[in-house]
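Open the model in your viewer and keep the selection panel at hand. The stops below go from salt bridges to a helix and its cover.

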Amino acid sequence: MAYWLIKSEPNVWSWDQQVAKGNEGEAWTGVKNYLARNNMRAMKLGDKAFFYHSNIGKEIVGICEVCQEIFPDPTDEKWECVKFRAVEKLKRPYTLEEAKNNPKLANMALVKMTRLSVQPVTDEEWEEVLQEVGQ
């Protein structure tokens with residue numbers, strides 16, 4: 001299994017909206033960056049992703065799971081998307097500021113490539129964030 005981080009502005013698509021979709025999940029549409037698209041192409045069923053509120057909050061708030069692998073983006077078929085379902089809310093949000101101040105996360109894409117909307121997370125980074133929030 002691989003780990004990822006997906007970003008959404010909470011005023012556009014929030015964690016609560018993701019949760020409301022239930023096991024059906026939601027297509028992660030509108031991604032128009034080649035590196036983010038390539039990251040989605042690498043995703044497999046069951047891979048886990050941190051759900052990150054960008055711009056407002058700037059914090060990891062939950063965990064999602066890939067429930068459908070890459071398919072044409074229904075909002076723009078020149079691009080592709082995957083479908084995620086919400087799995088678990090974090091016990092507390094983990095902020096970008098906390099990640100930046102954690103030496104164990106110094107090389108995390110969230111810290112190094114703050115604008116990338118779909119990014120990989122290493123096993124060590126995943127475990128560190130979960131440990132930090134007491135998950």
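With which residue does Arg-92 form a salt bridge? The partner is Glu-98, and the closest N and O atoms of the two are 2.8 Å apart. A salt bridge here is a side-chain nitrogen of Lys or Arg within 4 Å of a carboxyl oxygen of Asp or Glu.

Before going on, note that this is a predicted model, in which local features need pLDDT of at least 70, side-chain atom pairs count only at pLDDT 80 or more, and totals for chains, interfaces and linings use all residues. Residues are numbered from 1 along each chain as its sequence is written, and side-chain values use heavy atoms, with hydrogens and water left out.

Colour the pair by accessibility. Arg-92 is partly exposed at 30% relative accessibility, and Glu-98 is partly exposed at 26%. The classes are buried (under 20% relative accessible area), exposed (over 50%) and partly exposed in between, with a 1.4 Å probe and protein chains only.

Next, select Lys-48, Glu-65 and Arg-85, which salt bridges with shared partners join into one network. Within it, Lys-48 bridges to Glu-65, with 2.9 Å between the closest N and O atoms. This pair links distant parts of the chain: Lys-48 sits in strand S3 and Glu-65 in strand S4, 17 residues apart. Helices (H or I, at least four residues) and strands (E, at least two) are DSSP runs, numbered from the N terminus. Glu-65 counts as buried, at 14% relative accessibility.

Now select Arg-41 and Glu-80, whose side chains meet in a salt bridge at 2.6 Å, N to O. The two are 39 residues apart, Arg-41 in helix H2 (residues 34–41) and Glu-80 in strand S5. Arg-41 is partly exposed at 41%, as is Glu-80 at 22%. The count of salt bridges comes to seven.

Move to helix H5 (residues 123–133), which includes Val-133. Which residues of H5 are buried? They are Glu-125, Trp-126, Glu-128, Val-129, Leu-130 and Val-133.

Finish on Val-133, buried with a relative accessible area of 7%. Leaving aside neighbours within four places in sequence, Val-133 is in contact (heavy atoms within 4.5 Å) with Leu-90, Lys-91, Arg-92 and Tyr-94. Step on to Gly-134, which follows H5 and has a positive phi, near 75 degrees.
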